[in-house]
Amino acid sequence: MPSSSEPTPIKPPEIVIPDCCNIGIMVKSLLFVNGAALAVILIEAGTVYNGLLAFIEASMLIELASLTSLFALCGLRRVIKTTPPWGQRIACAVVPAAITGLIIHYLLNDPLAMISLSRLSVSEGMVCAALFGIGLQHYFELRTRAFSPALAEARLQALQARIRPHFLFNSLNAVLSLIRTEPRRAETTLEDMADLFRILMRDTREITTLGNEVRIGMQYLSIEKIRLGERLQVRWDMDHIAGDVLQRATTPALLLQPLLENAVHYGVEPSQENATILVAISRIRDRIEIVMTNPYHADVVSTGNHMALDNIRERLALLYDMEAQLATNIVDGQFEVRVYLPYQKAAA
């Protein structure tokens, strides 16, 4: 029976306000609001020409109200700690409504700022803004729930399920060959394998630090090194990222290891000579850049490679929307993977 003194895990507060600091959410929100406003104005104007002119005039109010509301909700989301979800949903309607009402009020009182939407009363503008706010909040909340947990679980865990079974058997055979000749190294390798497989069974929706991802990648490569010997050469280039940034920067769990596994499987294993995997990690202003290269073999079928890369691409899109990117290229006989992530610090 568990001890009554054991602390009860505290469930983190549920945040249902959209992450309006995210560029993707900002772009989608602006496109939706502008598209709806344009449609209404075109219907009322009668002709396309008059409608476009009216929309251009109205865009000052639309963009000002939309951007100000997004920035306000961005800041509000950062400070909300204990507000229940229903309160957050109300805030998504009240904040845009209040901002739009103030803007219309002052625009109407300024004869130099008269625009085609000036015929809107303050109350009408506030109702429209509140409807846009709660509608977009509901859309982004439903989108998040659609990916979690069932659909997200199926997609995000797919990469784990595709970890090559023969990696385990080959690694165990390599350890067995070391037991008599290098028992200490065999013991260290088994410990690395235990750590690695414990981590691989972890929920891929978890967020970890870049430093942990690098450590896991090094453990994985040390196991593969036993099997492949000198054919596997690895070079880490982390001169352009500070050590404290490496330990604080957050990243999705199991980001580097699958990329390294692809590099080993498709770049090193088919090679008859020594093959080098280069991993370069750097911080560029508010972004983290990870570049990984390995020898490219045109005759090797790489269907699984594309599946794994597409899976990681989906994870990045789900977690960061447009702020993260994974791109591949073939440069001078090298297969290159570039990953861009927003620099976000782990909670202290």
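Trainee: Is Cys20 buried or exposed, going by its relative accessibility?

Mentor: Cys20 counts as buried, at 4% relative accessibility. Buried means under 20% relative accessible area, exposed over 50%, and partly exposed in between, with a 1.4 Å probe and protein chains only. This is a predicted model: local features need pLDDT of at least 70, side-chain atom pairs count only at pLDDT 80 or more, and totals for chains, interfaces and linings use all residues. Residues are numbered from 1 along each chain as its sequence is written, and side-chain values use heavy atoms, with hydrogens and water left out.

Now the bonded pair. A disulfide is a pair of cysteine sulfur atoms within 2.5 Å. By that rule there is one disulfide. Cys21 and Cys74 form it, with S to S at 1.7 Å. The link of Cys21 and Cys74 is right-handed, with 85° about the S-S bond. Distant parts of the chain are linked here: Cys21 and Cys74 are 53 residues apart. Cys21 sits in the segment before helix H1 (23-45), and Cys74 in helix H2 (residues 48-79). Helices are DSSP runs (H or I, at least four residues), numbered from the N terminus. Cys21 counts as partly exposed, at 22% relative accessibility. Cys74 counts as buried, at 12%.

Back to Cys20. Cys20 is in no disulfide. Its nearest cysteine sulfur is that of Cys92, 6.9 Å away.

Key
Helix = DSSP H or I, 4+ residues; strand = E, 2+ residues; numbered from the N terminus.
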